[in-house]
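Visitor: I am new to this structure and would like to be guided through it. May we look at it together?

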Amino acid sequence: KPLVDSGNAEALYVMGRLILDGKGVKKNNTRAAEFFRLAAEKGDVSAMNSWATSLVTGDGVPRNFHEAARWFRKAADQGYVSAQHNLGVMYDKGQGVLQDFAQAAAWYRKAAEQGYLEAQLYLTYLYGYNEVVQDAKQAVYWARKAAEQGDAEAQLNLGTIYITGQFVAPDLKQAYIWNSVAAANGLALAAATRDSIAKRLTPAELEAAQETAARYFEQYKPN
């Protein structure tokens with residue numbers, strides 16, 4: 001409390017989080033947003049991202065996409081990974097900034113290169129389907145990066161890419177491997193797909209795919 005009263009930026013941000021989450025204090029989105037704004041203005045990058053998020057959602061404050069984009073950029077320019085992703089979303093949707101898919105990809109990429117799973121998935125979609133920045137190799141690259149983080153949905157997504165041949169030549173062995181890993185991480189849909197693919201592989205191919213899947217399951221654990 002003394003640090004909050006003295007205007008310490010980090011303390012203001014932490015207080016905002018506590019109020020937003022209702023931890024030890026009464027939940028109040030408007031008060032939380034005010035603490036985020038105060039902390040952001042004092043230079044706390046986490047607060048910049050949270051204040052901008054409040055401005056996007058209209059959670060406790062009037063929506064203001066232009067101001068949100070400005071604050072996301074302030075934090076993103078300092079390397080704050082969530083803000084980099086969020087700024088990418090603003091460019092992707094044209095919220096508070098002119099819609100610019102190349103800029104969206106650039107900011108998603110900055111976050112993705114820091115290991116931000118959501119940005120990796122957004123990049124997969126953008127490079128896969130957006131005609132402005134379409135790049136099949138990049139789509140597969142980021143789909144794999146996301147899968148390697150141990151996220152079952154991302155693993156299923158990569159397996160689906162190899163089944164359909166959306167961005168790469170169809171590869172049933174790779175499809176089996178990634179659906180198998182996703183299934184081991186609890187996705188029932190992936191298990192059904194894995195079992196269906198298994199019938200289309202030779203015994204030798206299936207054995208090799210099972211060995212690789214077991215290795216990947218151990219190697220690519222959820223963060």
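The questions and answers that follow go from the whole chain to single residues.

Visitor: How many helices and strands does the secondary structure of the chain come to?
Guide: This is a predicted model, in which local features need pLDDT of at least 70 and side-chain atom pairs count only at pLDDT 80 or more, whereas totals for chains, interfaces and linings use all residues. Residues are numbered from 1 along each chain as its sequence is written, and side-chain values use heavy atoms, with hydrogens and water left out. Helices (H or I, at least four residues) and strands (E, at least two) are DSSP runs, numbered from the N terminus. The chain comes to 13 helices and 0 strands.

Visitor: What share of the residues in the chain is buried?
Guide: The C-alpha atoms of the chain fill a box of roughly 70 × 40 × 25 Å along the principal axes. Buried means under 20% relative accessible area, exposed over 50%, and partly exposed in between (1.4 Å probe, protein chains only). Of the 223 residues in the chain, the buried ones make up 44%.

Visitor: Among contacts between residues at least 6 apart in sequence, what share joins residues at least 24 apart?
Guide: A contact means heavy atoms within 4.5 Å. Among the contacts in question, the share joining residues at least 24 apart is 47%.

Visitor: Which elements do the buried residues of H4 pack against?
Guide: In helix H4, 10 of the 13 residues are buried, so this helix is largely enclosed by the rest of the structure. Among them are Met48, Trp51, Leu55 and Val56. Their packing partners are helix H2 (9-21), helix H3 (29-41), H5 and H6.

Visitor: Which residues does Ser54 touch, not counting residues up to four places away in sequence?
Guide: Ser54 lies in helix H4. Its relative accessible area is 8%, so Ser54 is buried. With residues up to four places away in sequence not counted, Ser54 touches Ala33, Phe36, Asp59 and Val61.

Visitor: How far does H6 reach from its first C-alpha to its last?
Guide: The expected span of a helix is 1.5 Å times one less than its number of residues. For H6, with 13 residues, 18 Å is expected, and the reach from first to last C-alpha is close to that, at 19 Å.

Visitor: Which elements do the buried residues of H6 pack against?
Guide: H6 is largely enclosed by the rest of the structure, because 11 of its 13 residues are buried. Among them are His85, Leu87, Val89 and Tyr91. They pack against helix H4 (45-57), H5, helix H7 (101-113) and helix H8 (117-129).

Visitor: Which residue follows H6, with a positive phi?
Guide: The phi in question is near 70 degrees. The residue is Gly94.

Visitor: At what angle do H5 and H6 pack?
Guide: Phe65, Phe72 and Arg73 are among the residues of H5 that meet H6, where the partners include Leu87, Met90 and Tyr91. Axes are lines fitted to C-alpha atoms, for helices over the stretch in contact, and angles run from 0 to 180 degrees between N-to-C directions. The axes of H5 (residues 65-76) and H6 (residues 81-93) are 8 Å apart, and the angle is about 145 degrees.

Visitor: How are H8 and H9 directed relative to each other?
Guide: The axes of H8 and helix H9 (residues 136-147) come within 8 Å and cross at roughly 155 degrees. Angles under 35 degrees count as roughly parallel, over 145 as roughly antiparallel, 65 to 115 as roughly perpendicular and the rest as oblique. H8 and H9 are therefore roughly antiparallel.

Visitor: Which residues does Ser180 touch, not counting residues up to four places away in sequence?
Guide: Ser180 is placed in helix H11 (residues 172-184). Its relative accessibility is 13%, so Ser180 counts as buried. Without residues up to four places away in sequence, Ser180 touches Arg194 and Ala213.

Visitor: What distance separates the C-alpha atoms of Ala209 and Ile177?
Guide: Ala209 is found in helix H13 (residues 203-219), and at 0% relative accessibility it counts as buried. Ala209 touches Lys173, Tyr176 and Ile177, not counting residues up to four places away in sequence. Ala209 and Ile177 are 32 residues apart along the chain, and their C-alpha atoms are separated by 5.6 Å.
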